[in-house]
Amino acid sequence: MPEIAYLCRPMQLRDLTDIHTHHPGRPDALLSLPPSPAVFRYAAPFSLELHPWHVAADAVALAHQLDEFRCAADALRGNPNLLAIGECGLDNHCGVPLDRQTEAFRCALAVARRLDLPVVIHCVGYWAEMLRCVADANLKRDVIIHGFRKGPQLARQLLDAGLSIALGEKFNPDVARIIPSDRLFFETDESETDVLSIREKILNLRDSAQK
Ligand SMILES: [Zn+2]
């Protein structure tokens, strides 16, 4: 019976209006949480974070960190509140060496592939390197660049590579107009602004571009 199958369908990232926030307790939002005992007690949608800023620069410490990440992800497998992996990614404005960041990012992508989950990506500067890692990971679910503030040229490259884009409080209006509806997401990240007003602003811009 299709109706019952639909009612029983577990929640997915695409059901949420706000696909990336760091504010706990917000309704209709995906909270980004690093592995910790608190993750296992969290009773609302979340993503498992491996932020490039917090990647260990020391090889031994990194191996331990990635083990912990994989173990937490495996222990959370089947948890209906775990809806994505991330934020994870690459950032050329932080002090962590690129090879360490890349190792952590590839680990997070492999976990997403294994658990069949979407990915929320943080990328600053290292766009080509990020795209290479994503292409190598051969992911089957949504791969979303979060907090995108760059221009339409880079946005088109990401879209051409099959990625989706999440816009937050600050974004380029020309980018808001070119993202296909099924690959456009909204987020609050660190912002105090309500996601509904962020979404309304973006959708109004798109409407006015069509007139
Ligand atoms: Zn964030």
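**Close-up views of a predicted model**

**View 1. Arg 100 and its contacts.** Outside the four places on either side in sequence, Arg 100 touches Val 55, Ala 56, Ala 57 and Leu 62; a contact means C-beta atoms, placed from the backbone, within 7 Å. Arg 100 lies in helix H4. Helices (H or I, at least four residues) and strands (E, at least two) are DSSP runs, numbered from the N terminus. Arg 100 has 18 C-beta neighbours inside 10 Å, so it counts as partly exposed. A residue is buried with 20 or more other C-beta atoms within 10 Å of its own, exposed with 12 or fewer, and partly exposed in between; C-beta atoms are placed from the backbone. Leu 90 is 10 residues from Arg 100 along the chain, and their C-alpha atoms are separated by 9.7 Å. This is a predicted model: local features need pLDDT of at least 70, side-chain atom pairs count only at pLDDT 80 or more, and totals for chains, interfaces and linings use all residues. Residues are numbered from 1 along each chain as its sequence is written.

**View 2. The two faces of helix H3.** The buried residues of H3 are Leu 62, Gln 65, Leu 66, Phe 69, Ala 72 and Ala 73. Seen down the axis of H3, they fall within an arc of 125 degrees, so they line one face of the helix. The arc is that of the directions from the helix axis to the C-beta atoms. An α-helix has 3.6 residues a turn, so residues three or four places apart point the same way. The face turned away from the buried side carries exposed residues, including Val 60, His 64, Asp 67 and Cys 71. Cover for the buried residues of H3 includes helix H2 (37–41), strand S3 (46–50) and helix H4 (98–115). Just after H3, Gly 78 takes a positive phi of about 90 degrees.

**View 3. The core around Ala 108.** The largest nonpolar core has 58 residues. Such a core is a set of buried Ala, Val, Leu, Ile, Met, Phe, Trp, Tyr and Cys residues joined through C-beta atoms within 7 Å. Ala 108, Val 119, Ile 144 and Ile 165 have the most contacts inside it. H4 gives the most to this core, with seven residues. Leaving aside neighbours within four places in sequence, Ala 108 contacts Leu 50, Ile 85, Gly 86 and Cys 88.

**View 4. The chain as a whole.** The protein chain has eight helices and eight strands. Buried residues make up 39% of its 211 residues. Its C-alpha trace spans about 55 × 45 × 35 Å along the principal axes.

How values were computed: Two residues are in contact if their C-beta atoms, placed from the backbone, lie within 7 Å.
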